[in-house]
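Below are my notes on the model, arranged as numbered points. Please read them beside the sequence and the coordinates.

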Number of protein chains: 2
Amino acid sequence: MTTLQQFIDQSITGAVSEPVKLSEPVPVEQLPTPALIIDLDLFDQNLAKMQHFLNKRNLGLRCHTKMHKCPIIARKQIAAGAIGVCTATVSEAEIMQVNGITNILITSTVVTKEKISRVIRLAARNPMLQMVVDNIEIASRFNEAASDSGIELGVLVDIDPGMGRTGIEAGAPALSLAKHLVGKCQNLRFDGLQMYAGDCMHLEGFENRRKKYTQVMENGAATKRLLEASGIEVQIFSGGGTGTFDIEPGIGLATDLQAGSYVFMDIEYREIGGEGSDRFNTFEPSLFVLVTAISKPQQRLITVDAGFKSFASDKMVPEFRDVEGVIYHWGGDEHGIIQLTNPSREISLGDKLPMLTPHCDPTVNLYDYYYPVRDGKVEELWPIAARGRSQ
Amino acid sequence: MTTLQQFIDQSITGAVSEPVKLSEPVPVEQLPTPALIIDLDLFDQNLAKMQHFLNKRNLGLRCHTKMHKCPIIARKQIAAGAIGVCTATVSEAEIMQVNGITNILITSTVVTKEKISRVIRLAARNPMLQMVVDNIEIASRFNEAASDSGIELGVLVDIDPGMGRTGIEAGAPALSLAKHLVGKCQNLRFDGLQMYAGDCMHLEGFENRRKKYTQVMENGAATKRLLEASGIEVQIFSGGGTGTFDIEPGIGLATDLQAGSYVFMDIEYREIGGEGSDRFNTFEPSLFVLVTAISKPQQRLITVDAGFKSFASDKMVPEFRDVEGVIYHWGGDEHGIIQLTNPSREISLGDKLPMLTPHCDPTVNLYDYYYPVRDGKVEELWPIAARGRSQ
C-alpha cells in the first residue's frame with residue numbers, strides 16, 4: 001500500500017540510470033531487435049562539434065534532454081562544456097536532478113497544484129532549478145507555493161514566437177508579466193526570457209530558415225529592449241535549437257541554445273538542408289534502430305520487425321542506413337514492409353540492418369535503453385531513465 | 001556485471017506486473033497528466049459483451065495482448081472465458097508466461113538464432129506455447145532447436161492473406177510447409193493455420209468490410225481443404241480481430257478470434273462503422289488519455305500537455321470525450337494545440353479532460369501503467385508490464 005505520490009517518488013529514485021556493464025562485449029549483430037543503437041564515434045563527434053562551435057561564439061549550450069531522456073548523455077554534454085540542461089516536463093527534471101544534474105530549466109509551464117508543488121519540491125533541493133511562466137495568475141500560484149516553502153525560484157518568461165503553443169504575447173503582455181514577477185512575486189526571481197520558435201526549426205533551406213527565423217526573433221529582441229527600458233535586467237535569453245544553431249550567432253540575441261537533436265540527428269533534420277547543401281549534414285546521424293528481416297511473403301517484398309512501436313510515425317518513414325533502392329512502408333505496430341524496388345544489396349531472412357530514425361525524440365521515447373556501439377560491439381547499456389516521463 | 005541475456009531475463013522476471021494498491025483512492029482530477037485512464041464500467045462491459053457474443057457462436061477468443069500489454073487484463077479476459085492469448089513478440093510472451101498465463105500463441109515469426117532459442121526456452125517450461133512459421137528453412141531451424149532441447153513445439157502455419165506482411169502464400173506453398181512440418185519436423189507439432197488479414201480490419205462500412213474480408217478468406221478455406229485432402233488435420237484456424245468479430249461466424253472458418261482492441265476501442269475503429277451504423281459502437285471507448293490545459297498564448301487557442309509522446313500519431317488526431325466544436329492540432333512531442341472553433345464548453349487553464357485515443361495499441365505502448373477509474377476514483381495502478389517489449 002502506497003500513496004500515489006510515494007509511488008511516483010519511488011519510480012523516480014528507483015529508476016535505473018547508471019550504465020549497465022556487460023560481462024562480455026556483444027557484437028551488434030547479436031542484439032535482439034528492434035534495438036536502439038548509438039554509433040559512439042559519430043555521437044562523440046556531434047557532441048564535440050556543437051560545443052566547439054558555440055564556445056567559439058560565446059553562446060551557451062543548454063542541451064535539451066527531452067530528446068535523449070538519459071542522464072548519462074546529459075552528463076557527457078555537461079562534461080563537454082554545456083552550461084546545463086532543459087527538460088520539457090517536471091518528471092524529466094526529477095530524473096535529471098536525482099541523477100546529480102543541477103542546472104535545469106523546465107521549458108514548458110505547468111499550472112496545476114500538484115505539478116507546481118513538484119517543481120517547488122525540486123527547487124527546495126536545488127537552487128539552480130529554473131521554471132518558465134507565461135501567465136500572471138499562474139506566476140502568482142508559483143510565488144505562493146515558493147513562499148509557503150520558504151524558497152526562491154528562478155523563472156524565465158516564456159514568449160510565444162507566434163506559433164500559438166506556449167508563451168505569452170511578446171511586447172506589452174510580456175512586460176506586464178515581467179513587472180508582475182519583479183514587483184509582486186517576492187519568492188520568484190526573474191532571470192530572463194525564453195522564446196523557442198519550434199516551428200522554425202524545420203523550415204527547409206538555410207537561407208529561407210535564416211530569414212524567417214531572424215524575422216520571428218525580432219519580437220523577442222523588441223521585448224528584451226522594452227523590459228530593459230523599464231529597468232528590468234534580462235540576464236538570460238534562452239531559445240533556438242539544432243535547426244538554428246548556426247543562425248543564432250548572427251542574430252546576437254540568445255545567451256544560450258536549447259539544442260537536443262544534434263547529438264543523434266534524424267531524417268527530418270537531414271531534409272531541411274544546411275548552409276550550402278540541400279542536406280543538413282553538419283552533424284551526422286548517430287542513432288539507429290537495428291531491425292531484422294523476418295518474413296518474405298511475396299517477391300519484391302521483405303518484412304522487418306519494426307513498425308509504429310519502434311519508430312515515431314509523426315513524420316516520414318524510416319530509411320536504411322546501408323541499403324538504397326528500397327522503400328519502407330508502415331506494416332502496423334510491429335512490422336515494416338520493405339518494397340525491393342531496386343535494392344543496392346540483397347536482404348535475406350535474418351539479416352539485421354540499421355535504420356535511420358524519422359524523428360529522434362519520440363523514437364527514443366519508445367525504448368528503455370540504448371545500445372552504444374563502438375567497433376561493432378556493445379559493452380554497456382545506457383538506460384533511458386526518463387523514457388515515458390511526459391508528466 | 002551481467003551478460004546481456006541475464007539482463008534481459010532479469011528485466012522480464014523483475015517487471016512489476018501486479019496491481020499497485022493505493023493506500024487511499026485518488027480522484028481522477030488529481031492525477032498527474034498526461035495519464036492513461038480506463039473507465040472500468042465500460043471496460044467490463046466490452047469484455048463481457050465480446051465473450052458473450054463469441055460463446056453463443058462457439059468461437060474461441062484468443063485475445064491479443066499486443067494491444068494492452070498487461071498481464072492483469074489478460075487474466076481478466078481468461079477469467080471471462082477467453083481460451084488464451086496471442087502475443088506479437090517473444091518478449092510479450094515472456095512477460096505473459098512469467099505471470100502465469102500459459103495458453104500463448106506468438107503471432108509473428110522470428111528467424112534469428114537468439115530469438116528462436118528464447119521461444120524454445122519458453123516452450124520448455126510451457127507445453128501450451130505455440131508459434132507461427134511461414135518458411136520451410138526457418139521451420140527446420142525451429143525443429144533443430146526443439147530437438148536440441150528435447151521438447152515438442154506446437155506450430156501454426158501463417159498464411160499471407162495477400163497483404164504481403166508475413167505468412168506463406170496460400171494454397172500449394174502453405175501445403176508444402178505443412179507437409180514439411182508433419183513429415184520432416186519431428187519436434188514440431190502441426191496444430192493448424194493462422195491467417196490474419198490486418199488490412200481488412202479497418203475497411204470502412206460493414207457491408208464493404210464483410211464482402212472483401214469474406215473474399216480474402218476464401219484462400220484460407222481453400223488451403224484448409226487442400227491440407228485436409230492431403231490427410232493433414234487442421235485443428236486450429238486462428239485469425240480475425242475486432243473489425244471482423246461479427247463477420248467470422250458467417251464465414252465459419254475460424255476456430256478462434258485474435259481480437260485485442262475491443263476492450264479499449266479507439267477513434268480509428270469507431271470510424272469504420274458497424275452493422276447498420278456509420279459508427280462502430282458495439283464496444284464503447286473505455287481508454288482515455290487525461291490531459292491538462294497548460295497555456296493560452298492566443299485567443300481561440302488553448303494548449304494541452306499531450307503530443308507525439310502521449311498519443312500514437314500514425315493515424316488521426318485525438319479528440320476530447322466531452323468537448324465538441326474544437327480541433328486538436330499536433331503541437332510537437334509534448335503539446336497539442338486546441339483550436340476553439342465553436343467549443344461546447346469553456347476550457348480554462350488547469351482543466352483536466354479525457355481524450356479518446358486515435359489508435360489504442362501504440363498509444364498504450366507509451367505508458368508505464370494504467371489508472372483504472374470507477375466512480376471518478378483510482379484505487380490501484382495496473383502496470384503495463386510488456387510496454388516497449390517489441391523484441
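1. I begin with a pair of strands in chain B, where Leu105(B) has Gln130(B) as its bridge partner in β6(B). Strand β5 (residues 104–106) of chain B and strand β6 (residues 130–133) of chain B run parallel and are joined by 2 bridges; strands are said to pair if DSSP finds at least two bridges between them. Helices (H or I, at least four residues) and strands (E, at least two) are DSSP runs, numbered from the N terminus.

2. This is a predicted model, in which local features need pLDDT of at least 70 and side-chain atom pairs count only at pLDDT 80 or more, while totals for chains, interfaces and linings use all residues. Residues are numbered from 1 along each chain as its sequence is written, chains are lettered from A and ligands numbered from 1 in the order in which they are written, and side-chain values use heavy atoms, with hydrogens and water left out.

3. In chain B a closed barrel of 8 strands, with parallel pairing, runs β3-β4-β5-β6-β7-β8-β9-β10. Within it, β9(B) pairs in the parallel sense with strand β8 (residues 188–194) of chain B over 3 bridges, Ile236(B) being the bridge partner of Gly192(B), and with strand β10 (residues 256–257) of chain B over 2 bridges, where Asp256(B) stands opposite Ser238(B).

4. In a regular strand the side chains alternate between the two faces of the sheet. From strand β9 (residues 236–239) of chain B, Ile236(B) and Ser238(B) point one way, Phe237(B) and Gly239(B) point the other way, and all are buried, that is, under 20% relative accessible area with a 1.4 Å probe and protein chains only.

5. In chain A, strand β4 (residues 84–87) is covered on both faces, with Gly84(A) and Cys86(A) buried on one side and Val85(A) and Thr87(A) buried on the other. Strand β3 (residues 60–64) of chain A pairs with β4(A) in the parallel sense over 3 bridges, and Cys86(A) is the bridge partner of His64(A).

6. Helix α2 (residues 40–56) and helix α4 (residues 71–80) of chain A pack at an angle of about 40 degrees, with their axes 10 Å apart; axes are lines fitted to C-alpha atoms over the stretch in contact, and angles run from 0 to 180 degrees between N-to-C directions. That makes α2(A) oblique to α4(A), because angles under 35 degrees count as roughly parallel, over 145 as roughly antiparallel, 65 to 115 as roughly perpendicular and the rest as oblique.

Technical notes:
Buried < 20%, exposed > 50% of the residue type's maximum accessible area, 1.4 Å probe, protein only.
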